[in-house]
Amino acid sequence: GLERGAKNQFSTFSSFITTINQKKEGIGNRNSPTQLVIPNIKNVRDLPPICLDVRQKQRISIDTLPQELKAPVLPEPSLPIRTKTVKDFQDDVEKAKSSGDWKAVHDFYSTTFDSFLEINAAFKKDTNSPFNTIEDSGINAKFVNVVYDALLNTPQDVQKSVLKGIINGLLQEWKGPRTKDDLRAYCILLQNPQFSNTSTYVIYAHLLRQIAALTEADHHFLVHWSKKISQRRFKQLVDRLLQFISLRLFPAKPEEFPPMVKCTWWIPSATKVLALFNAANSLISPPIISYTDFYNSTLDHIDLMEEYHNWQCYGNSHRFSFCQYPFIISIAAKKVIIQRDSEQQMISIARQSLVDKVSRRQKPDMNMLFLNVKVRRTHLVSDSLDELARKRADLKKKLKVTFVGEAGLDMGGLTKEWFLLLIRQIFHPDYGMFTYHKDSHCHWFSSFKCDNYSEFRLVGALMGLAVYNSITLDIRFPPCCYKKLLSPPIVPCDHNTLVGICDVTLDDLFQIMPELAHGLSELLSHEGSVEEDFYSTFQVVFQEEFGVIKSYNLRPNGDKIPVTNQNRKEYVQLYVDFLLNKSIYKQFAAFYYGFHSVCASYALLLLRPEEVEILVCGSPELDMSALQRSTQYEGYQKTDLTIRYFWDVVLGFSLDLQKKLLHFATGSDRVPVGGMADLNFKISKSETSTNWLPVAHTCFNQLCLPPYKNKKELKQKLIIGISNAEGFGLE
């Protein structure tokens, strides 16, 4: 609605605001915290922390604010009496459409949005009730939605009157803390669809600034009220904020906005308000929208390392950085940060090795710049364990693998195969380190005690090396594992500090042992007497080792404490904590230290557990059509008959065969973070007999395909090749 004729009409709002501010300055200095004059940027950067410094990783619950942070309940000013209902408004709009007389509608909009009091008078469910709790905002959401849905279809003078009214509200001089009516008005104004139009961005920016500058206690209310917004409208609000940030960073028409130097507070304010919605989204299980909906792909095109270094140097103190709000940074951008940080660490370690060698007057050797791992296929695990333990100081160098007795040169392919074979062997059920749960299709740590936990450290180091060297692994750990891996994300200096311990819930157990979790859920919902019907105590049996049943008391003298209706929640929580934390503590601690021995970096603080999983394992979702679109050719054209046969066959493969093809050609059956395009897959023409099978160079993600004469022959040879591929050698 605004695009058709709003440009010229709304272009004067910047000058309108400036004129008002100049008049206010002429009257005298009034230290109003919310007037639209742009204050010193320091006032914006020192705002209360909506997103806590992720370097500290303190998780303050929204529900458990200290008493002194609770917003004082101020007496609400008396509201005007407004009796218009949703039906009355809809009738007015229909009459206006049929008659062309918009006066009644115009009067409603101009009155309603003229002040915060009028907004509450129109949209508060009951003007006589205070609505001072986080449970109920008191906003008539249906009425708000109807009014906003109709707004963009009204004449321009109606839309302009709404924006003028909003300016009046924002220019109000505040004295003392905000009332709940003020917070309600902010919550309603944020949903205005007019703010999707760039011509309103000056007003939108000042609205965001005032919301960002609210106290932490006020944010507490806004967060809880926001989680009650419908999914569709919540997504619209998030998208509007992301668009605002993107267009301020890269404006299509720079002349539409004030110069960046005069509005450096725009992006910090919008990002802080976006953090409120992210907090609201995190409070609900399942969340309102996916965490990926908060990604802003525009940030992939800024200087990410400068953002990262600013954050490392200044934290949350004096300089804004998107790294303070990692939820807005896409996984692709985070991968770039981690890769570059890893490369810098690799270069630093290699340079130090070279300096040490020269200072001892020894001849430099190129091998000293790499982590050289030499293993025998017949002793894969033991050789790998010995090599990584012996070369612990070299773990942050570039990895290079050699299989003893094989002539393959490691340009990346041997490294990929080493990871694949090692993981396959370590996770085999006969090896006893991990238990495979068929119901959840994932592995979990075995709780059997052992004399040496170094092999768990090896698995952790392998995962770290995979992230460090940008290799994807076929590991099936539950999400809980990655949550534990980031607990804490930085290895504590005090070695007595517990690691790998995180808050776990029944939902976490469902992802590993769904049958047991279902039984515990039944216990929680049981309507009869738990003590008489289940006959359980606070003692659990957790393993059978060499025919000996082991038991554990969840509480002191737990075998004498019955589980009752009153204490069953405590029982379930202690049981889940025991299974996922305490029973495997030594195993997971070794795994944790192994991972962080390679991946220790502040960049890990930017990651969610789900993102760590994607970095380690890649995505299991294969899109062969996307691979077809991004494939490069050497010796072939994409229109050649052989290539057309190839894609007809591959697109018709089962998922299992498609994974085998991907593994055959790239050394892994997982898709990297950037998708199929990041594989740089190439099909080359092989000038050999068509009796030969296809050949792959996994170092380069290259498939060499002879020019088979028909589709049947190509399919037969391809299936034989991808189903019988393991080992490197030159003849």
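Figure 1. Leu605 is buried, with a relative accessible area of 1%, in a model that is predicted. The residue belongs to the loop that links helix H24 (585–599) to helix H25 (609–617). Although Leu605 and Pro326 are separated by 279 residues in sequence, their C-alpha atoms lie 8.5 Å apart in space.

**Figure 2. Helix H25 and the elements that cover its buried residues.** Within H25, the buried residues are Glu611, Val612, Leu615, Val616 and Cys617. The cover over the buried residues of H25 includes helix H15 (331–359), helix H18 (454–468) and helix H19 (479–485). Just after H25 comes Gly618, which adopts a positive phi of about 70°.

Figure 3. Asn278 is a residue of helix H13, which spans residues 266–282. With a relative accessible area of 15%, Asn278 falls under the 20% limit and is therefore buried. Once the neighbours within four places in sequence are set aside, the contacts of Asn278 are with Phe294 and Phe327.

**Figure 4. The packing of helix H4 against helix H5.** Helix H4 (residues 86–99) packs on helix H5 (residues 103–112) at an angle of about 135°, and the two axes are 8 Å apart. From H4, the residues Phe89, Asp92, Val93 and Ala96 meet Ala104, Val105, Phe108 and Tyr109 of H5. By class, the residues of this contact divide into 7 nonpolar and 1 charged, with no polar residue.

Figure 5. Thr435 stands opposite Trp444, a residue of E4. Together E3 and E4 form a hairpin with 4 residues between them. His441 has a positive phi of about 55° although it is not a glycine, whereas most residues other than glycine have a negative phi. With a relative accessible area of 53%, His441 is over the 50% limit and is therefore exposed.

Figure 6. The bond from Ser285 to Pro286 is cis, with omega near -5°, and Pro286 is placed in the loop between H13 and helix H14 (304–314). A cis peptide bond also joins Ser487 to Pro488, again with omega near -5°, and Pro488 is found in the loop between H19 and helix H20 (506–510). As background to this view, most peptide bonds are trans.

**Figure 7. The open sheet of strands E7, E8, E10 and E9.** The 4 strands form an open sheet in the order E7-E8-E10-E9, and their pairing is mixed. Strand E7 (632–634) and strand E9 (695–697) are the edge strands, each of which pairs on one side only. From one strand to the next, the twist averages 25°. E7 and E8 pair in the parallel sense over 3 bridges, and Glu634 stands opposite Ser684 in E8. Helix H28 lies across E9 and strand E10 (702–705), and its direction is at about 60° to E9.

Figure 8. Asn680 is located in the loop between helix H28 (655–666) and strand E8 (682–685). Although Asn680 is not a glycine, it has a positive phi of about 50°. The relative accessible area of Asn680 is 47%, and the residue is partly exposed.

Figure 9. The mean pLDDT of the protein is 84, and 85% of its residues reach 70 or more. Over residues 1–53, however, pLDDT stays under 50, and the model has 100 contacts beyond four places in sequence for this stretch. The pLDDT is also below 50 over residues 55–70, a stretch that has 24 contacts in the model beyond near neighbours in sequence. Where pLDDT is low, the predicted coordinates should not be read in detail.

Key
Residues numbered from 1 in each chain as written. Predicted model: local features only at pLDDT ≥ 70, side-chain atom pairs only at ≥ 80, totals over all residues. Heavy atoms only, no water. Helix = DSSP H or I, 4+ residues; strand = E, 2+ residues; numbered from the N terminus. Buried < 20%, exposed > 50% of the residue type's maximum accessible area, 1.4 Å probe, protein only. Contact = heavy atoms within 4.5 Å. pLDDT = per-residue confidence, 0-100. Axes fitted to C-alpha atoms, helices over the stretch in contact; angles between N-to-C directions. Nonpolar A, V, L, I, M, F, W, Y, C, P; charged D, E, K, R; others polar. Pairing = 2+ DSSP bridges.
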